[in-house]
Amino acid sequence: MNKQSRFPYKLYLVLSEADCKGRHFLKVAEESIIGGVDLIQLREKNDDLETFIRKALQLKEITDNYEIPLIINDNLEIAKKVNATGIHVGTHDIPPVAIRELWCNAAYVGYSIEHLEQLDTEETAVSDYLGISPVFKTPTKTDTITEWGLDGIRTIRKLTDKPLVAIGNLDVHNIKSVIDAGADCIAVVSAICGAPNPQKAAYQLKNELLK
Ligand SMILES: Cc1ncc(COP(=O)(O)OP(=O)(O)O)c(N)n1
Ligand SMILES: Cc1ncsc1CCOP(=O)(O)O
Ligand SMILES: [Mg+2]
């Protein structure tokens with residue numbers, strides 16, 4: 001199976017209530033899907049377990065309605081419990097190899113790449129897509145290591161044929177150069193959650209990606 005059919009998504013929303021500027025996160029989710037978002041990750045870093053599960057179940061109703069994948073950030077227990085489509089983890093989370101053993105129904109396991117050395121590991125081998133994390137430094141997530149930049153994307157592109165999801169300070173002005181550098185998909189928080197009109201923002205991002 002080629003890369004495009006293994007991971008046929010272009011625009012990825014990474015969603016958290018805190019980034020939605022006081023608007024309801026479910027409204028932002030639905031508007032963004034109508035605007036053109038292809039999959040959503042629920043990333044709630046500060047919620048207790050019960051709250052995260054409740055939000056994930058509410059969001060799952062919407063993503064199921066529109067038949068798009070729901071990815072859960074970090075938490076395997078929640079991903080399994082809500083029957084999410086997949087999970088995204090980084091170097092400090094449960095490793096992809098363990099996820100494969102504990103959750104055989106995971107359609108997508110995403111793994112953040114912070115060092116080039118990770119590309120040559122079993123964790124990367126069993127992952128379905130790689131997050132290039134971050135492409136550009138961003139106030140949304142400050143505990144990052146490598147600012148990959150466009151050159152970093154080109155380097156990673158030469159070393160793997162895994163689907164590459166670019167994330168970190170991406171917006172309508174820079175996403176085309178990120179795709180041209182070798183990314184397959186663009187993930188954003190602020191460009192949609194923080195936009196005055198999330199539906200319009202998603203539409204404009206998607207339009208730029210499809211040019
Ligand atoms: C699509 C995507 N790429 C990278 C990340 C970052 O994941 P991680 O390194 O585990 O950091 P946290 O998101 O857990 O703070 C992501 N969430 N999504
Ligand atoms: C979750 C995450 N992982 C790497 S950067 C980032 C945050 C991206 O947020 P924004 O799109 O607002 O820069
Ligand atoms: Mg994580």
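What share of the 211 residues in the chain is buried?

1. Buried residues account for 42% of the chain, a residue being buried if 20 or more other C-beta atoms, placed from the backbone, lie within 10 Å of its own, exposed if 12 or fewer, and partly exposed in between. The model is predicted: local features need pLDDT of at least 70, side-chain atom pairs count only at pLDDT 80 or more, and totals for chains, interfaces and linings use all residues. Residues are numbered from 1 along each chain as its sequence is written, while chains are lettered from A and ligands numbered from 1 in the order in which they are written.

2. The chain has ten helices and eight strands; these are DSSP runs numbered from the N terminus, helices being H or I of at least four residues and strands E of at least two.

3. The largest nonpolar core contains 59 residues, a core being a set of buried Ala, Val, Leu, Ile, Met, Phe, Trp, Tyr and Cys residues joined through C-beta atoms within 7 Å. Among the members that touch the most others are I153, V165 and A166. Strand 1 supplies the largest share of this core, five residues.

4. I153 lies in helix 7 (residues 149-159) and counts as buried because it has 21 C-beta neighbours inside 10 Å. Beyond four places in sequence, its contacts (C-beta atoms within 7 Å) include I132, V135, W148 and A166. V135 is 18 residues from I153 in sequence, with 7.7 Å between their C-alpha atoms.

5. Ligand 1 is surrounded by 18 residues, each with its C-beta atom within 6 Å of the ligand; G90, S112, G131, S133 and A187 are the closest. Strands 1, 4, 5 and 7 each give two or more residues to this shell. Its composition is six nonpolar, eight polar and four charged, where Ala, Val, Leu, Ile, Met, Phe, Trp, Tyr, Cys and Pro count as nonpolar, Asp, Glu, Lys and Arg as charged, and the others, Gly among them, as polar.

6. Around ligand 2 there are 14 residues, of which P134, T138, T140, V189 and S190 come nearest. They divide into seven nonpolar, six polar and one charged.

Notes. Contact = placed C-beta atoms within 7 Å.
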